Amino acid sequence: MSFFKNFYQNIIHDRDPEKDTIKLRGKETPVFYGTVAPYPNFNASHDASVLQSAIESKGVDEDVIISILVKRNNEQRQKIKAVYEASTGESLSRALKSALRSDLEDISLALLMNPAHFDAHLLRDATKGFGTDEDVLVEVLATRTNKQIAELKKAFKADYNKDLEDVIKDETRGDFTTALLAMLNTQKDEDTVVDMDKAQKDATILFEAGENTKGVDVSAFINILTTRSGPQLSKTFQRYACVSDITLPKALNMELRGDIEDCLIDIVKCAWSTPAFFAEKLHRAMKGHGTCEDTLIRVLVSRSEIDLKKILEEYRAMYDTTLQEDILKDTKNHFENILLGLCGPH
């Protein structure tokens, strides 16, 4: 299980959850760890006009388009879309689709979707056609909040006229299906307070369900790993090491196979550190020959207003280089520029 050891040994462990909130006007407010913040002195009409000129100019001014898309947050982009369509009679998405090409087109259209519809789009792409992209299904469902999952389910139904649960049942099988549906149920505890007694009890249940029995009670693993909070699971993993001679990830590797093994191990990684989980995704997208542009787009767009600053920190800690430096090595031209723009100042 060396890959998990490599994942865990270099991630940042000493984060204080209390530092993730600040008092604003007497109210506890989450600290902003995104790289794309609301643009000051925002003017949707001005931006829509500038984009129209950039799109209609001879040769298309990609630099202007990029500068607006990466410096406005999603809420501001939605307002620009509305003004653009009202003033030109054409949707901004359709205009950019005609003006841009390849990866720059894909990421620009992704930035114009609101988060719920972007997630729905990701899951639709992961389940349509021949084959299913299991990694994307797990990535999205394991890293979104209960509220985000509820919103993406509504968006999926609105955009594709299908219930996401039905699509999951049609496109996946067995225990993997059960795990995905459990995550879709939005029953995960999001309390950051850790219950030590529950951690000990869950560790024992997992040991009995896996190592200490003939066969594996996969339902016990699914139930605990999909309903407990990240901090609660982290403590459970520590307690597991006290009742077993091996770590939980190694136990999963020994006892399970296929999609359900990969799914549960990814949930374990997210519980340890969601930013580190995404840092690993980005590193793998650029490791070796070739680059997985879809992964770069998916992660940077979806995390740019959530925790991309933390992901950048984890990337440096885990790989002794910056994400921006690897982007410069593996991408080029306007696609490189828009990726770097989403990463913020370097």
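**Legends: overview and close-up views of a predicted model**

**View 1. Overall fold of the chain.** Residues are numbered from 1 along each chain as its sequence is written, and side-chain values use heavy atoms, with hydrogens and water left out. The chain has 21 helices and two strands; helices (H or I, at least four residues) and strands (E, at least two) are DSSP runs, numbered from the N terminus. The C-alpha trace spans about 70 × 50 × 40 Å along its principal axes.

**View 2. Surface and interior of the chain.** Of the 346 residues, 47% are buried; buried means under 20% relative accessible area, exposed over 50%, and partly exposed in between (1.4 Å probe, protein chains only). The accessible surface comes to about 17400 Å², by the Shrake-Rupley method with a 1.4 Å probe. Carbon and sulfur atoms hold 47% of that surface. Among contacts (heavy atoms within 4.5 Å) with a separation of 6 or more, 69% are between residues 24 or more positions apart.

**View 3. Ile65 and its surroundings.** Ile65 lies in helix α3 (residues 62–71) and is buried, with a relative accessible area of 1%. Leu51 is 14 residues away from Ile65 in sequence, and their C-alpha atoms are 6.1 Å apart. Leaving aside neighbours within four places in sequence, Ile65 is in contact with Leu51, Ala54, Ile55, Val60, Leu96 and Leu100.

**View 4. Arg77, a buried charge without a salt bridge.** Arg77 is part of helix α4 (residues 74–88). A salt bridge is a side-chain nitrogen of Lys or Arg within 4 Å of a carboxyl oxygen of Asp or Glu. For Arg77, the nearest side chain of opposite charge is that of Glu305, 4.2 Å away; Lys and Arg count as positive and Asp and Glu as negative, with His and the chain ends not counted. Beyond its neighbours within four places in sequence, Arg77 is in contact with Val36, Leu69, Arg72, Leu111, Leu112 and Glu305.

**View 5. The Glu75 and Lys79 pair in helix α4.** The two side chains meet in a salt bridge, N to O 3.9 Å. Glu75 and Lys79 are four residues apart, about one turn of the helix. Glu75 is exposed at 52% relative accessible area, whereas Lys79 is partly exposed at 43%.

**View 6. The Arg228 and Asp202 salt bridge.** The closest N and O atoms of this pair are 2.7 Å apart. Arg228 lies in the loop between α13 (218–227) and α14 (230–243) and Asp202 in helix α12 (residues 196–209), so the pair ties together parts that are 26 residues apart in sequence. Both residues are buried.

**View 7. Other salt bridges of the chain.** The count comes to 13 salt bridges. One of them joins Asp307 to Arg303, with the closest N and O atoms 2.9 Å apart. Asp307 is buried at 8% relative accessibility, and Arg303 is buried at 5%. Glu139, Lys281 and Arg298 are linked in a network of salt bridges.

Technical notes:
Predicted model: local features only at pLDDT ≥ 70, side-chain atom pairs only at ≥ 80, totals over all residues.
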